[in-house]
Amino acid sequence: MLQRLQCATRRWAECKRLPTLCTSWHRRHGGLVDLHELDPRSFLIVEVKRDRPGVLGEILELFTRSAINMTHIESRFKSFARDGPSFHIDFEGSLKDAQVQELMKAIKGLPGVYDVLPETPREVPWFPMNIRELDLTVDTLDGGTELINEDHPGFNDPAYRERRFEIVSLAKAYKHGEKLPRVRYTEQETATWQAVYERLGSLHDKWACREYRSYSTSLPLYDLCRQPDEGEMLPQMEKYCGYAVNNIPQLGDISDFLQQRTGFTLRPISGLLSARDFLNALAFRVFYSTQYIRHHGNPFYTPEPDICHELLGHVPLFANPAFADFSQEIGLASLAATDEDVAKLAAVYWFTVEFGLLREGEDVKAFGAGVLSSFGEMEWACADVPSQECREMGSMKEQLKPILRPLDPWEASKQEYPITTYQPVMFCAESLEDAEFRIAQFCDSLTRPFFPQYDPLTQTIRVTKAIRRATRHSTVELQRQKQMEFFEKGKSREN
């Protein structure tokens, strides 16, 4: 068993299928509202006999005169049938609208137009269209408590398991719009937090990226004599979020702070989510965070994400605009993506948000949460020569240091990675802005069923094509079985 501050962070990155419930609705003011009814999209195919200059312009002119907004258009040719193109057109409005009916008649009357065919919306994998639909994400891969494996320090501690059940019950009961549940942490839990907090402090000053040091918890509590630089965010996080060596911050206070900084918010979760559910939430600038803490018997090891990993690894950088933007970019790309593309995005997330590195001059610094929340991972990833003790803790006796490659999301999306050892291969960006640019390029290269836009005013996803979401099915039992297999693989590697 690895004796290190490790999270087998986001085992969901291995899980490629879509879980849970079945719905196309969300609640508003006590009633049910169909989002497609509020903002409908329709799909037409316009068949043209001959390819001639100006035919598309004539069709566009009719859309303009009808005051109907076109959201997507593409042209296709049918070999051997005729030499004219087919225009596939998506637009705002319903085929039942009188205005749309008149438009269709006008297009069909154009010289050279062979036919105008209204089409049914394309079916796509289910995805949340409004932030309220994140309430459907209640099933987790570990069930909250049931699959704490035998290697978990709290597995044989009934009091710990009961306490964990109490905390995850708060997350399961939470609904969007409610105040985030507050946890009264015990003295024992706070002592566990303090042990982790103090041990990571000096290492953050040494190996965390500049953006983390400016937005995190490393000053002045780690160095009471040093005054914070102008522009450092820590004094505000201490003042508004409750970060302290002897206090575990509350999600609600942090969420309020982040929302004012970058628009990100936190949402409690009872355990590990699938890759699809976790990434989908990022599209709404929502980060799922656990509230329970690792077992006090070994404060420097956890086989799963806990509040130390979330708050000391992830949260500080969500106050950075570049980091927040590329996190949302990955989330938007995951909406209705194929299982294959979700797996690729999960791998990119793993090698950036979880285990990302960047360069500051000649030095390698950490910005991934899995590195920042682990003293062993930080030394392994950032030290010029990781110690023998460090390598042994991470099951890396035969490898002196990680293989560092320039950040290439296309390569990262295909790179295999372990979840029970240190990372043998890691990717290093030139800066957070460089990572944001490269990830945006990668996401744009994926074949998407539509291009999503997030409307922060209504907290709704707007789409460019007429689509119909498939029924949402629960595959949580399959997901749990996969996670059990991960634990078994981890134990066999350690043996």
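These legends accompany close-up views of a predicted model.

Figure 1. The chain has 495 residues, and 57% of them count as buried. Contacts between residues at least 6 apart in sequence were also sorted by separation. Of these, 71% join residues at least 24 apart.

**Figure 2. Helix H2 packs against helix H3.** H2 spans residues 55-65 and H3 spans residues 98-108. The two pack at an angle of about 155 degrees, and their axes are 10 Å apart. Angles over 145 degrees count as roughly antiparallel, so H2 is roughly antiparallel to H3. The crossing of H2 past H3 is right-handed. On the H2 side, the contact is made by Ile 59, Leu 62 and Phe 63. On the H3 side, Leu 103, Ala 106 and Ile 107 take part. By class, this contact has six nonpolar residues, no polar ones and no charged ones.

**Figure 3. Ala 67 has a positive phi.** Ala 67 sits in the loop between H2 and strand S4 (70-77). Its phi is about 55 degrees, although the residue is not a glycine. Ala 67 has a relative accessibility of 67%. The cut-off for exposed is over 50%, so Ala 67 counts as exposed.

**Figure 4. Met 129 is buried in a loop.** The loop runs between strand S7 (122-124) and H4. At 6% relative accessibility, Met 129 falls in the buried class. Val 463 is 334 residues away from Met 129 in sequence. In space, the C-alpha atoms of Met 129 and Val 463 are 9.1 Å apart.

**Figure 5. Glu 166 contacts Arg 163 through its side chain.** Glu 166 belongs to helix H4, residues 158-173. The side chains of Glu 166 and Arg 163 make a polar contact of 3.0 Å. Glu 166 is partly exposed, at 47% relative accessible area. Val 183 is 17 residues from Glu 166 along the chain. The C-alpha atoms of Glu 166 and Val 183 are separated by 9.6 Å.

Figure 6. H9 covers residues 275-282, and H11 covers residues 321-334. The packing angle is about 125 degrees, with the axes 6 Å apart. H9 passes H11 in a left-handed crossing. From H9, the contact uses Arg 276, Leu 279, Asn 280 and Leu 282. From H11, the partners are Ser 327, Gln 328, Ile 330, Gly 331 and Ser 334. The contact residues divide into three nonpolar, five polar and one charged.

**Figure 7. Arg 294 is a buried charged residue.** Arg 294 is in the loop between strand S9 (286-289) and helix H10 (307-314). Its relative accessible area is 3%. Buried means under 20%, so Arg 294 belongs to that class. The Arg 294 side chain reaches the backbone oxygen of Pro 299 at 3.1 Å. A polar contact of 2.7 Å also joins the side chain of Arg 294 to that of Asp 306.

**Figure 8. Helix H11 runs roughly parallel to helix H17.** H17 comprises residues 432-445. The axes of H11 and H17 are 9 Å apart, at an angle of about 15 degrees. Angles under 35 degrees count as roughly parallel, so H11 is roughly parallel to H17. Their crossing is left-handed. H11 contributes Ala 322, Phe 323, Asp 325, Phe 326, Glu 329, Ile 330 and Ala 333. H17 contributes Leu 432, Glu 433, Ala 435, Glu 436, Ile 439, Ala 440, Cys 443 and Asp 444. By class, the contact has 10 nonpolar residues, no polar ones and five charged ones. Ile 330 of H11 meets H17 here, and Ile 330 is also listed in the contact with H9.

**Figure 9. Ser 395 has a positive phi.** Ser 395 is found in the loop between helix H15 (388-393) and strand S12 (403-406). Its phi is near 55 degrees, a positive value in a residue other than glycine. Ser 395 is partly exposed, with a relative accessible area of 38%.

Definitions and conventions
Residues are numbered from 1 along each chain as its sequence is written. This is a predicted model: local features need pLDDT of at least 70, side-chain atom pairs count only at pLDDT 80 or more; totals for chains, interfaces and linings use all residues. Side-chain values use heavy atoms; hydrogens and water are left out. Axes are lines fitted to C-alpha atoms, for helices over the stretch in contact, and angles run from 0 to 180 degrees between N-to-C directions. Helices (H or I, at least four residues) and strands (E, at least two) are DSSP runs, numbered from the N terminus. A crossing is left-handed if the near helix is turned anticlockwise from the far one by less than a right angle, and right-handed if clockwise. Contact means heavy atoms within 4.5 Å. Buried means under 20% relative accessible area, exposed over 50%, partly exposed in between (1.4 Å probe, protein chains only). A polar contact is a pair of N or O atoms within 3.5 Å; within protein, one must be able to donate a hydrogen and the other to accept it, and residues adjacent in sequence count only if both atoms are side-chain atoms. Angles under 35 degrees count as roughly parallel, over 145 as roughly antiparallel, 65 to 115 as roughly perpendicular and the rest as oblique.
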